Each structure stands twice: as structure tokens, then as C-alpha cells.
Amino acid sequence: MQLVPRQGGELSVGGPAEQVTEAWLANRRLSEHTRAAYRRDVQVWLAWCAERGADPLKVSFLDVNAYARGLEARDLAPSTVARKLSGVSSWYDFLVKIRAIDGNPVAGADRPIVSRDHSATLGLLPEEVDALLERARLAGVRHHAVMTILADLGLRVGELVGLDMQDLSRERGHRTVRFVGKGGKQRRRALTESASQALDAYLAVRGLDDGPVFRTSTGGRLDRHAVFRLMRRLAAEAGIPEADRLSPHSLRHAFATTARSEGVPLEDVQDAMGHADPRTTRRYDRDRHNLDRDPSYMIAAARARRAGG
């Protein structure tokens, strides 16, 4: 592939840059959500370069560092900044492969440190999940089906909203859903009885025609932002603390921690969640143990015993 920069030798938003970006994305096995996020990340980076008159093909790690510090100044979480830089880095890796540049400037940049031992997601207790699902049941069949599937299967919100009717099936006595997971991997999960019942109640209203499983009132595909808003509204109505900080990923977090507390082997939880690296799954486990076993509880209890004695 030949890269043709704009007049003056620079690569900018629009034209050649978009062509390169689409070629790069076409060569990656990514979910549509990840593809869209990477596209946005590169567009923001190119716009940042354009504002400063910097040629993206000639920038150094110093420019990337300046960009990263600017993102951090916006109070973005370290994990968010790291993800944005990861997308830009992958884009530059592609440019290296097609010999448009000699090296990846992001490779030498100072990226944020993201702890593998702690998840930034706010988790939920099993009792809070129960309260949320009860509130969703009262709110309507679609809301109940959405929340129950997220809670029972621990799906990512993008995996849920991406479901089409053709993805629903029955295999070897199990009600199943097929979807494209992180990294473009084809995955399959079994629906629980409660998830099946909630789904059937919704489909009885929706109908069995083709298209997205979860649709809006106008027939379009339900999007992730609507699920975020729904999650927080239902949590607030259910009286769950910190409702405005929750996200659909909080149900995924609860799925992992509850599964481990119920004795499900780590590797089975890892497979269910689609984690390529077991350290990602263990992060949820550490979150649970680090809080439940915090020595401060023992110290406070001992102080209370002394005071009472």
C-alpha cells in the first residue's frame, strides 16, 4: 500500500489519513465498538497534531508525551489515557509495517501506569444486583431482559447491544447466544433459566422478526449509552449507593466476584468472561479479597472488644 500524504508532506484528518485508518482497522480482528473507539482515538490525535502544525509522520515520543499529559489534565482515568494511546500506537505500528515511517513514536512515550491488581469499576454486592433486577422487572420487559442477561452472563455492554436474533439458538439442551467478543473472537454462552424467561417475556412483545435483539421504540438498535443511562436510573430507584457512578460493567464485575465467592474455579470464570490473560480475571478477585480482608476491620473490632470489656 502506498501512503500519499497531503501537500507539504503531512498526513492530516481526512483524505489519506482516513484511508490509512480504514486499511489499518480492516486488518484487525476487532469488535465494532473497539473499531469505532480506535477510529475516534486516531482522529483526536490527528486533530491535536493539526492544531500544533505537527506532521504525524514526523512526531517523536516527546510529542506523544505532551499529548498524554494533555489528556491527563482533563482528569481522564489512567486506564482511559492508556487505552487512547494504545489505539494510536497500533495505528503507528501499521504505518511501520507499510513502511510509511521507520519507528513508532508511541513506543518510547511515558504511558500511564495501570494497576493489574485493581479494577476501577465500582462493583455491586449480590443483594444490590437482586435489588437492581427487581427494579428492572417493574420497569418493563425489555429493561428486565437487558439487566438480567448482563447480570447472569457478565457480558460487556457492547456484546449485549450487538446481539441479533440469528445469534439466539439452542445447542445440546442449552439456550445459547453467540456474539463477537473482545479482539473479534467468536464466542458462545449459555443463558440461565432466569435470563431465558426474561428474554422470552421481552420477545413476546418485540416479536420474532430478524434484526437486533434489543430495539428502541423506533425499531433501531439499542445503543450502549442508553444502557448506561438505564443502569444508573434503575440503580438510583433501587436505592443503591453511588448509583451515578455505576455502569453496565459493574454487573460484569459483580458476575466475576460472585462467581469466585461461590467457588467457581478461576479458569472457568476467565473462560466465561473471555479474558485472554488470567491476570485480568484475578484483578476482580483481588478487589474482593482486598476489601473483605482489610486489616482495618480486625483492628477496629479489637478496639471495640477492649472498649466493651
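Two rings of Phe, Tyr or Trp count as an aromatic pair when their centres lie within 6.5 Å, with the six-membered ring standing in for Trp. The close-ups below all come from a predicted model.

**Figure 1. An aromatic cluster built from W45, W48, Y67, W91 and Y92.** These five residues, W45, W48, Y67, W91 and Y92, group into one cluster. Searching the whole structure turns up 7 aromatic pairs.

**Figure 2. W24 and Y38, a stacked pair.** Here the ring centres of W24 and Y38 sit 5.6 Å apart with the planes at 15°, so we call this one stacked; the cut-off for that label is under 30 degrees. W24 belongs to helix 1 (residues 16-26) and Y38 to helix 2 (residues 32-51), so the contact ties together parts 14 residues apart in sequence. W24 is buried, at 1% relative accessibility. Y38 is buried too, with a relative accessible area of 13%.

Figure 3. W48 comes from helix 2 and Y67 from helix 3 (residues 61-73), so parts 19 residues apart in sequence get tied together. W48 has a relative accessible area of 13%, which means it counts as buried, and Y67 is buried at 4%. Both rings are also members of the cluster with W45, W91 and Y92.

**Figure 4. K84 and D41, a salt bridge between buried residues.** The closest N and O atoms of K84 and D41 are 3.5 Å apart. For the whole structure, the search gives 17 salt bridges.

**Figure 5. D110 and R69, bridging a loop and a helix.** The side chains of D110 and R69 form a salt bridge at 4.0 Å, N to O. D110 lies in the loop between helix 4 and helix 5 (126-139), while R69 is in helix 3, so the pair ties together parts 41 residues apart in sequence. D110 is partly exposed, with a relative accessible area of 47%. R69 is partly exposed as well, at 31%.

**Figure 6. R245 and E242, a salt bridge.** The closest N and O atoms of R245 and E242 are 3.6 Å apart. R245 is partly exposed, with a relative accessible area of 47%, and E242 is partly exposed at 42%.

Key:
Residues are numbered from 1 along each chain as its sequence is written. This is a predicted model: local features need pLDDT of at least 70, side-chain atom pairs count only at pLDDT 80 or more; totals for chains, interfaces and linings use all residues. Side-chain values use heavy atoms; hydrogens and water are left out. Rings of Phe, Tyr and Trp (its six-membered ring) pair if their centres lie within 6.5 Å; planes under 30 degrees apart count as stacked, over 60 as edge-to-face and the rest as tilted. Helices (H or I, at least four residues) and strands (E, at least two) are DSSP runs, numbered from the N terminus. Buried means under 20% relative accessible area, exposed over 50%, partly exposed in between (1.4 Å probe, protein chains only).
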